[in-house]
Each structure stands twice: as C-alpha cells, then as structure tokens.
Amino acid sequence: MNDEVFKLGGTSVADPEYFNDFVWLLKERRPARISATNSAFRFGEVGTPTLEEIAENPKTRLENLAKLEAIHRPFIEAEGLEIDVRELFDEELSNAIDLDDFESAGERVASRLVVAALEKRGIKAVYHDPRKRITTDST
C-alpha cells in the first residue's frame, strides 16, 4: 500500500455524486495514508460573496453568511451532518488576522466539512489547519 495525495475541486467536492465517487475511490484503493486538500465549495448558481461584500456592515455580513450557508447546505444535508456552517464561517472570518486568513476561510470550512463527512462514513480523517503547516508572506 502506498501513500496517496488527492486534490478535490470546489465544484466537485460540493456535489454529492462526485463526493460519493471520491469515497468509493478511497475504499477501492485503500491507500496506507491519504493526504487531501480541497478548494472552497462552489455549488449551483449561488454567487460567492466577494471580500468587499463580506467586510461591509453587519447587515450585509448576515446576508453574506446566508449565501455561504446556501453554498454548503446541499453537501451538509446529503451527508447528514449536524454542523452550523454559518457559525464556522463567522468563527473563521472573525479570527482572521491577515488577508491570507481571510481569503482562505472557505477552504478551511470546506476541509472541516469533508473531514466530518469522511468520519461519518467510517473513514478515519483528521483536519490539519493549513495555517500551522504553510507559511506565506500575507500579501
């Protein structure tokens, strides 16, 4: 058995059918150890808020959290997860200390959802915060 690395795109990982294919692949190949990274979810026709929209006043912030929730809701429901995605995003965005933190919030939330879904399906998974493993110049 070999170690394997997977990169999941934002549209494909958000689609329950594609995610089922990914889980099937993991079970079929049975790698010794898996490393996976994924993009922020992109699903359907729901527009992803821009950084400027998210940073605006509190009323707009709530609207944008609702948009972010709508993007992730199909995956959460399909996987039977009991996760408040608005709370995850609010936590990630509130704790952002620089532009890199802010811009990568979607990837971190999506990764946490993927880990929860894999665990629910009986596949051992651990979330590693990329901020503790990757250093950037914050530009």
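**Entry 1: helix H7.** I started with H7, residues 105–120. Its 16 residues reach 23 Å from the first C-alpha to the last, close to the 22 Å expected at 1.5 Å a residue. H7 has the highest mean pLDDT among the elements of the protein, at 88.

**Entry 2: cover over H7.** I asked how many residues of H7 are buried. I found 12 of 16, and noted the helix as mostly covered. Among the buried ones are Ala105, Arg108, Val109, Leu113 and Leu118. I also checked what follows the helix. Just after H7, Gly122 takes a positive phi of about 85°.

**Entry 3: Glu92.** Next I went to Glu92, which lies in helix H5, residues 85–94. I then looked for its polar partner. The side chains of Glu92 and Arg108 are joined by a polar contact of 2.6 Å. Arg108 is itself one of the buried residues of H7. I listed the other contacts too, leaving aside neighbours within four places in sequence. Besides Arg108, Glu92 is in contact with Ala105, Val109, Arg112 and Arg131.

**Entry 4: the sides of H5.** I wanted to know which residues of H5 are buried. They are Val85, Leu88, Phe89, Glu92 and Leu93. These cover an arc of only 120° around the axis, which puts them on the same side of H5. The general rule for an α-helix is 3.6 residues a turn, so residues three or four places apart point the same way. At the start of H5, I found a side-chain oxygen of Asp84 within 3.1 Å of the backbone nitrogen of Arg86.

**Entry 5: strand S1.** I moved to S1, residues 3–8, and read its side chains in turn. They alternate. Glu4, Phe6 and Leu8 point to one face and are buried. I then looked for the neighbouring strand. S1 is joined by six bridges to S2, residues 33–38, and the two run parallel.

**Entry 6: confidence.** I closed with the pLDDT values. The protein averages 77, and 81% of the residues score at least 70. Which element has the lowest mean pLDDT? It is helix H3, residues 51–55, at 57. Where pLDDT is low, the predicted coordinates should not be read in detail. I left H3 there.

How values were computed: Residues are numbered from 1 along each chain as its sequence is written. This is a predicted model: local features need pLDDT of at least 70, side-chain atom pairs count only at pLDDT 80 or more; totals for chains, interfaces and linings use all residues. Side-chain values use heavy atoms; hydrogens and water are left out. Helices (H or I, at least four residues) and strands (E, at least two) are DSSP runs, numbered from the N terminus. The expected span of a helix is 1.5 Å times one less than its number of residues. Buried means under 20% relative accessible area, exposed over 50%, partly exposed in between (1.4 Å probe, protein chains only). A polar contact is a pair of N or O atoms within 3.5 Å; within protein, one must be able to donate a hydrogen and the other to accept it, and residues adjacent in sequence count only if both atoms are side-chain atoms. Contact means heavy atoms within 4.5 Å. The arc is that of the directions from the helix axis to the C-beta atoms. Two strands pair if DSSP finds at least two bridges between them. pLDDT is the predictor's confidence in each residue, from 0 to 100.
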